Amino acid sequence: MSHTDFEGMDHRDLAAALASLAQGVTTSRNVDDALSAVTTAATDLLDGADCADILVISRRKKQFRSHAATSSLPRKMDDLQEQFGQGPCIEAATGATMVRVDDFSTETRWPQFCQAAAEMGVTSMLSFKLYTAPGVIGALNIFGKAVSAFSDRDEEIGLMLATNGAVALQLVTNRTQFESALASRDLIGQAKGMIMERFGIDAVQAFALLTKLSQDSNTPVAHISAQLVEQGPVIDSQSPNAARRASSPTGT
């Protein structure tokens, strides 16, 4: 849909558009597709929006990543904020629920970034906090080239879109973690079966051996299992005895 399609949209039509977006977000199996639906909706639903993206920041690694940018401009804006350590995206991601800028040429909150943004032709901006997983912060960022490009109505719509963006990040992350856990469980099961067949031990003893190998090598059980499945159970001749000792109540 174009901006024109949404001019004069009543509350029912807007609600229907947002409901359709929510359905697409919750059923998507790819984080980029889910987030692209949100940023595309932002440029469609907000009359003053020229482009948008979602900035995700890792707290531990301090990494900035632009997702679902509708043009190259949002990525450049995110890079500038990372470079200067200041800007509306960072402020929204780390503190305020929403940050609005009507004219970067007169804005005083982030001097270095504002000057650079104005030089790149960006005049207005809305940035909304995304409530994401622990250790990860983010913001939905919407950019406009006109002065005072956004209205109070745009703020309300943006807040709803940001909710969809946060849900998309969390759902896809949870789904990925769940699928990874299932894959790890399958690998561990295969490795146990190979060890049981190779050494004539039961499932409890086979898992005890995997656990011991994991502890001795400081390697996750899933990684040990993947290596065994790929290479075969190349384990020393004492392994069956070690497994029996590890699985016994006294460890002897």
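**Confidence.** I noted that this is a predicted model, in which local features need pLDDT of at least 70 and side-chain atom pairs count only at pLDDT 80 or more, while totals for chains, interfaces and linings use all residues. Residues are numbered from 1 along each chain as its sequence is written, and side-chain values use heavy atoms, with hydrogens and water left out. I looked up pLDDT, the predictor's confidence in each residue from 0 to 100, and found a mean of 80 for the protein, with 73% of its residues reaching 70 or more. Over residues 1-7 the pLDDT stays under 50, and the model has 12 contacts beyond four places in sequence for them, a contact being heavy atoms within 4.5 Å. Where pLDDT is low, the predicted coordinates should not be read in detail.

**Strands.** Helices (H or I, at least four residues) and strands (E, at least two) are DSSP runs numbered from the N terminus, and two strands pair if DSSP finds at least two bridges between them. I saw that β1 pairs with β5 in the antiparallel sense over 8 bridges, with Cys51 opposite Phe143 in β5. β1 also runs antiparallel to β2, joined by 5 bridges, and there Ser58 stands opposite Gln63. Because 7 of the 8 residues of β1 are buried, the strand is largely enclosed by the rest of the structure; buried means under 20% relative accessible area, exposed over 50%, and partly exposed in between (1.4 Å probe, protein chains only).

β3 pairs with β4 (residues 124-130) in the antiparallel sense over 4 bridges, and Val99 stands opposite Ser127.

**Cores.** A nonpolar core is a set of buried Ala, Val, Leu, Ile, Met, Phe, Trp, Tyr and Cys residues joined through side-chain atoms within 4.5 Å. The largest has 25 residues, and Leu46, Ile54 and Leu130 are among those with the most contacts inside it. Two or more residues each come from α3 (31-45), β1 (51-58), β4, β5 and α7. A second, separate core of 22 residues includes Cys89, Phe113, Ala117 and Phe143.

**Loops.** Ala68 lies in the loop between β2 (63-67) and α4 (72-84), has a positive phi near 55°, and is buried at 15% relative accessible area.
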